[in-house]
Number of protein chains: 2
Amino acid sequence: MYSIGDLSRRTGVKVPTIRYYEQMGLIRAAQRSEGNQRRYERSDLERLAFIRHARDLGFDIPAIRDLIALSHHPEAPCSGADRIAEDHLSAVREKIERLRKLEQELERIVSHCSGHSVEDCYVIRALSDHGLCEAEH
Amino acid sequence: MYSIGDLSRRTGVKVPTIRYYEQMGLIRAAQRSEGNQRRYERSDLERLAFIRHARDLGFDIPAIRDLIALSHHPEAPCSGADRIAEDHLSAVREKIERLRKLEQELERIVSHCSGHSVEDCYVIRALSDHGLCEAEH
DNA sequence: GCTAATCCCTCTAGCCACTATAGGTTCAAG
DNA sequence: CTTGAACCTATAGTGGCTAGAGGGATTAGC
């Protein structure tokens, strides 16, 4: 039997976050001690580690809920889980793409600024005048 | 004189967002018509375009506040503005870096899954077992 | 001058995944 | 039995908006 603090130390998930996951229905409501404190078993530890891992990989809570539901049906085809992961990968790639465009534009703006005063600062001028942009955004 | 809707159409910033920017102190409280509706001048339009542009580039609201303040001191050295832009560029690069690691890990997980049932689905297994990860995260 | 359509007003609440705080209770070690 | 750490619930805050309710203002056409 683990206390919520034990679980937190073992998984790296903060105590309030564990309670939050319970609220969100990611982990079941734990058993309670006589004094109303949460008491967890090994299976709860494993599930929380699963959640932590999925969050680290950027899956959002509804996706994790779905993945957990799927993992309870070992016989089912795994196309559902694959689909969730692939969708997430696409989303990550889109974010990267957007950030790379941003990076380029910012690089250009920063490197063009050799001004000494705000008056001729390229950073400020570029923000004031959209015509100075290379890409659309 | 522009109404808030005119401003919105001309800058692409939605009406409630303009009011929100006013609340946040990014644009000054506009003059009002007799019937208490906001009335803007050309200078407000320009400032809002500046804000829109900065937001598109991912600057957060405190940074934009600082950039606006700086732009009002044309004689001042522009190192402050450069600094803000460089800091933001670094932050963007860090985000890209983190997302690229995520992308790699997800790619690996997705591509390893040739299972047909959840039981041997690599996606699920990888999430359950941190030992299957390449990188730390 | 009237009406209808469209715009505008304020205020409040919701989004996401937490995090922080307050005020109180329980547990475990000594 | 006492102390101090850990635990409990409930509420509010984060950022940058967005949505909705319930009303008032403006404007174009008749």
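**Figure 1. A:Phe59 is buried in the predicted model, with 22 other C-beta atoms within 10 Å.** The cut-off for a buried residue is 20 or more such atoms, so the count for A:Phe59 qualifies. A:Phe59 lies in the loop between helix H3 (42-56) and helix H4 (61-71) of chain A. Beyond its neighbours within four places in sequence, A:Phe59 contacts A:Ala54, A:Ile64 and A:His88. A:Leu48 sits 11 residues away along the chain, and its C-alpha is 14 Å from that of A:Phe59.

**Figure 2. Helix H3 of chain A, and the residue that follows.** H3(A) has 15 residues. From first C-alpha to last, H3(A) reaches 21 Å, close to the 21 Å expected at 1.5 Å a residue. Its buried residues are A:Asp44, A:Leu48, A:Phe50, A:Ile51, A:His53 and A:Ala54. What covers them? The cover includes H1, H2 and H4 of chain A, together with H6 of chain B. Just after H3(A), A:Gly58 adopts a positive phi of about 90°.

**Figure 3. Helix H5 of chain A covers residues 79-112.** At 1.5 Å a residue, the 34 residues of this helix should span 50 Å. The end C-alpha atoms are 49 Å apart, which agrees. Buried positions in H5(A) are A:Ala81, A:Ile84, A:Ala85, A:Leu89, A:Val92, A:Leu102, A:Glu105, A:Leu106 and A:Ile109. A:Glu105 is one of these buried residues. An α-helix has 3.6 residues a turn, so residues three or four places apart point the same way. The buried residues of H5(A) pack against H4 and helix H6 (122-128) of chain A. They also pack against H5 and H6 of chain B.

Figure 4. B:Val92 belongs to helix H5 of chain B. Is B:Val92 buried or exposed? B:Val92 is buried, because 20 other C-beta atoms lie within 10 Å. Not counting residues up to four places away in sequence, B:Val92 touches A:Leu99, A:Leu102, A:Glu103 and A:Leu106 of chain A, and B:Gly58 of chain B. B:Gly58 is 34 residues away along the chain, yet the two C-alpha atoms are separated by 8.5 Å.

**Figure 5. The contact between chain A and chain B.** The contact takes 47 residues from chain B and 48 residues from chain A. On the chain B side, helix H3 (42-56), helix H4 (61-71), helix H5 (79-112) and helix H6 (122-128) each give two or more residues. Which element gives the largest share of that side? H5(B) does, with 19 residues. By class, the chain B side has 25 nonpolar, 11 polar and 11 charged residues.

**Figure 6. The axis that relates the two chains.** Chain B superposes on chain A by a rotation of 180° with 0.0 Å of shift along the axis. The RMSD is 0.1 Å. That is the relation of a two-fold axis. In chain B, the C-alpha nearest the axis belongs to B:Ile96, at 2.9 Å. The same surface serves both copies, as 100% of the contact residues of chain B recur in chain A.

**Figure 7. The surface near DNA strand C.** DNA strand C is surrounded by 20 residues. The closest are A:Gly35, A:Asp60, B:Ser3, B:Gly5 and B:Arg38. Two or more residues come from each of H2 of chain A, helix H1 (4-11) of chain B and H2 of chain B. H2(A) gives the most, with three residues.

**Figure 8. The surface near DNA strand D.** Around DNA strand D there are 20 residues. A:Ser3, A:Gly5, A:Arg38, B:Gly35 and B:Asp60 come nearest. Helix H1 (4-11) and helix H2 (15-23) of chain A, and helix H2 (15-23) of chain B, each supply at least two residues. The most come from H2(B), with three residues. This surface has five nonpolar, nine polar and six charged residues.

**Figure 9. Confidence along chain A.** The mean pLDDT of chain A is 92. Of its residues, 94% reach 70 or more. Where in chain A is confidence lowest, and where highest? The lowest is in H6(A), at a mean of 91. The highest is in strand E2 (residues 38-39) of chain A, at 98. Where pLDDT is low, the predicted coordinates should not be read in detail.

Definitions and conventions
Residues numbered from 1 in each chain as written. Chains lettered and ligands numbered in written order. Predicted model: local features only at pLDDT ≥ 70, side-chain atom pairs only at ≥ 80, totals over all residues. Contact = placed C-beta atoms within 7 Å. Helix = DSSP H or I, 4+ residues; strand = E, 2+ residues; numbered from the N terminus. Nonpolar A, V, L, I, M, F, W, Y, C, P; charged D, E, K, R; others polar. Least-squares fit on C-alpha atoms with pLDDT ≥ 70 in both. Near = placed C-beta within 6 Å. Buried ≥ 20, exposed ≤ 12 C-beta atoms within 10 Å, placed from the backbone. Expected span 1.5 Å × (residues − 1). pLDDT = per-residue confidence, 0-100.
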